[in-house]
Amino acid sequence: MPPKKKARVTKRTAKSDKDERESVSTVKAADKTAGHKRKAVSSVETGNNGTSESSGAPQYCHWLMKSEPESRFENGIDVKFGIEDLKALPDQTDCWDGVRNYQARNFMRQMKEGQLAFFYHSNCKDPGIAGIMKIVKEAYVDHTQFDKKDVHYDASSKPENPKWSMVDVQYQRMMKRFLPLSELKKYHLEHRPKGGILKDMALFTRARLSVQPLTAEEFDFILSLEDKEPL
DNA sequence: GCCAACGTTGGC
DNA sequence: GCCAACGTTGGC
């Protein structure tokens with residue numbers, strides 16, 4: 001299997017379905033402290049993860065997924081995986097393993113074949129959106145959770161009841177120009193007081209989430225930046 | 001290397 | 001079920 005995607009995840013995540021549910025309520029509690037910004041996100045999350053109530057919440061269909069393009073060693077293993085690494089693989093396809101955060105996992109479980117995701121470079125000299133990939137296989141069991149040698153091994157997850165999922169992604173293209181975090185942030189800050197398109201972008205309102213949804217408007221706006229001068 | 005933000009753990 | 005302590009994320 002593929003290089004370790006380092007979805008920067010908390011290794012020590014919790015145990016059973018019960019915890020899983022609690023983690024959702026934790027999210028809701030966090031909502032209160034974080035103000036209104038997360039409402040849309042959490043309603044969709046709880047409505048669409050397949051474990052909870054039916055709801056008319058809109059389905060997200062665009063995504064942003066973070067990975068680290070520069071070498072970093074975790075337990076002696078290099079977790080580097082940038083967009084160039086994806087591009088270099090057979091079929092330019094890989095499984096997005098190693099996600100160990102319930103919210104991120106739940107978003108992956110919502111992903112449908114054919115949807116597009118930005119490949120975001122994190123924890124590096126030049127963080128930002130590097131390119132676009134396509135979801136080519138919907139959520140299935142992340143085998144690395146059972147692999148003691150794997151950086152993201154989770155001793156608390158049992159094969160009879162796997163905790164973590166992954167999707168397969170395929171490289172589509174590089175951005176016409178790299179879209180740096182700093183530029184996205186400028187738009188976010190500009191939009192926030194004016195109700196602009198990036199005002200609630202998860203990258204800024206949910207900073208540590210390694211797999212996050214984008215609205216169609218956010219996705220299209222970011223794409224439009226490719227043809228603009230850097231801010 | 002620092003450290004703010006925030007999710008998770010575990011005592012109570 | 002609360003919440004303080006702890007650990008991680010990830011930009012700077």
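Visitor: How many disulfides does the structure hold?
Guide: A disulfide is a covalent bond between the sulfur atoms of two cysteines. Here one counts as a pair of cysteine sulfur atoms within 2.5 Å. This is a predicted model, where local features need pLDDT of at least 70, side-chain atom pairs count only at pLDDT 80 or more, and totals for chains, interfaces and linings use all residues. Residues are numbered from 1 along each chain as its sequence is written, and the number of disulfides held is 0.

Visitor: Is cysteine 124 buried or exposed?
Guide: Buried means under 20% relative accessible area, exposed over 50%, and partly exposed in between (1.4 Å probe, protein chains only). Cysteine 61, at 33%, is partly exposed. Cysteine 124 has 16% relative accessibility, so it counts as buried.

Visitor: What share of the 231 residues in chain A is buried?
Guide: That share uses the cut-off of under 20% relative accessible area. For chain A, buried residues come to 50%.

Visitor: Which word describes how α5 lies to α7?
Guide: Helices are DSSP runs (H or I, at least four residues), numbered from the N terminus. The axes of α5 (residues 181–194) and α7 (residues 216–225) come within 12 Å and cross at roughly 125 degrees. Angles under 35 degrees count as roughly parallel, over 145 as roughly antiparallel, 65 to 115 as roughly perpendicular and the rest as oblique, so α5 to α7 is oblique.

Visitor: Which residues in α7 do Leu184, Tyr187 and His191 meet?
Guide: Contact means heavy atoms within 4.5 Å. Those three α5 residues meet Phe221, Ile222 and Leu225.

Note on methods. Chains are lettered from A and ligands numbered from 1 in the order in which they are written. Side-chain values use heavy atoms; hydrogens and water are left out. Axes are lines fitted to C-alpha atoms, for helices over the stretch in contact, and angles run from 0 to 180 degrees between N-to-C directions. Helices (H or I, at least four residues) and strands (E, at least two) are DSSP runs, numbered from the N terminus.
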